[in-house]
Amino acid sequence: MLFRSSVALDGDTAIVASSQDAVNGAATAGAAYAMVRTGTTWCLQTRFFARDPAPADRFGWSVAVSGMRAIVGAPRKAGPVPFGNPNEGQAYTYEVDRNLLANGELCTCAGECASGLCVDSVCCNEIGRAHV
């Protein structure tokens, strides 16, 4: 993954795009990544891509975010068959899901946990103890 397209930031939510990413075997279809900040830590929340990725769509060429809503542009996306133009382009809207993990659930960073603590890949109330 090489981030080289666009970035949008609103408060504790960032959308970082890579319009060159391969998706489901489609080269340069593109993807966007929602990152959420908790305290001073940024966590990858989810990866977005077009529901029908195709080579050279360039999904993620442009992004915008407001609160937990994101818009991602794909300027080279073909229009609908049979009347669409080859490089008509499309915009996709998404909700960034901020469902935080409960104590005892597996995590990759503290921003995923309701408690704000991820120790040894488990959400915890306190360092050293996971309450389940």
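Q: What stands opposite T13 in β3?
A: V36 does. Strand β2 covers residues 13-18 and strand β3 covers residues 31-38. They pair in the antiparallel sense over 6 bridges.

Q: Where do these coordinates come from, and how are residues numbered?
A: This is a predicted model, in which local features need pLDDT of at least 70, side-chain atom pairs count only at pLDDT 80 or more, and totals for chains, interfaces and linings use all residues. Residues are numbered from 1 along each chain as its sequence is written, and side-chain values use heavy atoms, with hydrogens and water left out.

Q: What is the mean pLDDT?
A: The chain's mean is 80. Of its residues, 86% reach 70 or more. pLDDT is the predictor's confidence in each residue, from 0 to 100.

Q: Where is it below 50?
A: Over residues 128-132. Beyond near neighbours in sequence, that stretch has 12 contacts in the model. Contact means heavy atoms within 4.5 Å. Where pLDDT is low, the predicted coordinates should not be read in detail.

Q: Back to the fold. How many helices and strands?
A: The chain has 0 helices and 9 strands.

Q: Which strands form the open sheet, and in what order?
A: There are 4 strands in it, ordered β1-β2-β3-β4, with antiparallel pairing. At the edges stand β1 (7-10) and β4 (41-48). Each has a single partner strand, so one side of each is left without a neighbour in the sheet. On average, neighbouring strands of this sheet are turned by 20 degrees against each other, direction ignored. The axes behind that angle are lines fitted to C-alpha atoms, for helices over the stretch in contact; angles run from 0 to 180 degrees between N-to-C directions.

Q: What about the loop between β2 and β3?
A: Q20 sits there. Q20 is partly exposed, with a relative accessible area of 27%. Buried means under 20% relative accessible area, exposed over 50%, partly exposed in between (1.4 Å probe, protein chains only).

Q: How much of the chain is buried?
A: Of its 132 residues, 35% count as buried.

Q: Switching to charges. How many salt bridges are there?
A: The search of the whole structure finds 5. The cut-off is a side-chain nitrogen of Lys or Arg within 4 Å of a carboxyl oxygen of Asp or Glu.

Q: Which residue does R37 meet in a salt bridge?
A: D12, at 2.9 Å, N to O. R37 is in strand β3 and D12 in the loop between β1 and β2, 25 residues apart. R37 is partly exposed at 28%, and D12 is partly exposed at 37%.

Q: And K77, what does that bridge to?
A: K77 bridges to D52, with the closest N and O atoms 3.4 Å apart. K77 lies in the loop between β6 (69-74) and β7 (90-95), D52 in the loop between β4 and β5 (62-66). K77 is buried at 5%, whereas D52 is partly exposed at 38%.

Q: Where are R69 and E95?
A: R69 is in strand β6 and E95 in strand β7, 26 residues apart. Their salt bridge has its closest N and O atoms 2.6 Å apart. R69 is exposed at 58%.

Q: Last topic, cysteines. Which two are joined by a disulfide?
A: C107 and C118, S to S 2.0 Å. The disulfide cut-off is a pair of cysteine sulfur atoms within 2.5 Å. The link is right-handed, with 95 degrees about the S-S bond. C107 is in the loop between β7 and β8 (118-119), and C118 is in strand β8. C107 is buried at 6%, while C118 is partly exposed at 22%.

Q: How far is C124 from the nearest cysteine sulfur?
A: That sulfur belongs to C107 and is 7.0 Å away. C124 is in no disulfide. At 4% relative accessibility, C124 counts as buried.

Note on methods:
Two strands pair if DSSP finds at least two bridges between them. Helices (H or I, at least four residues) and strands (E, at least two) are DSSP runs, numbered from the N terminus.
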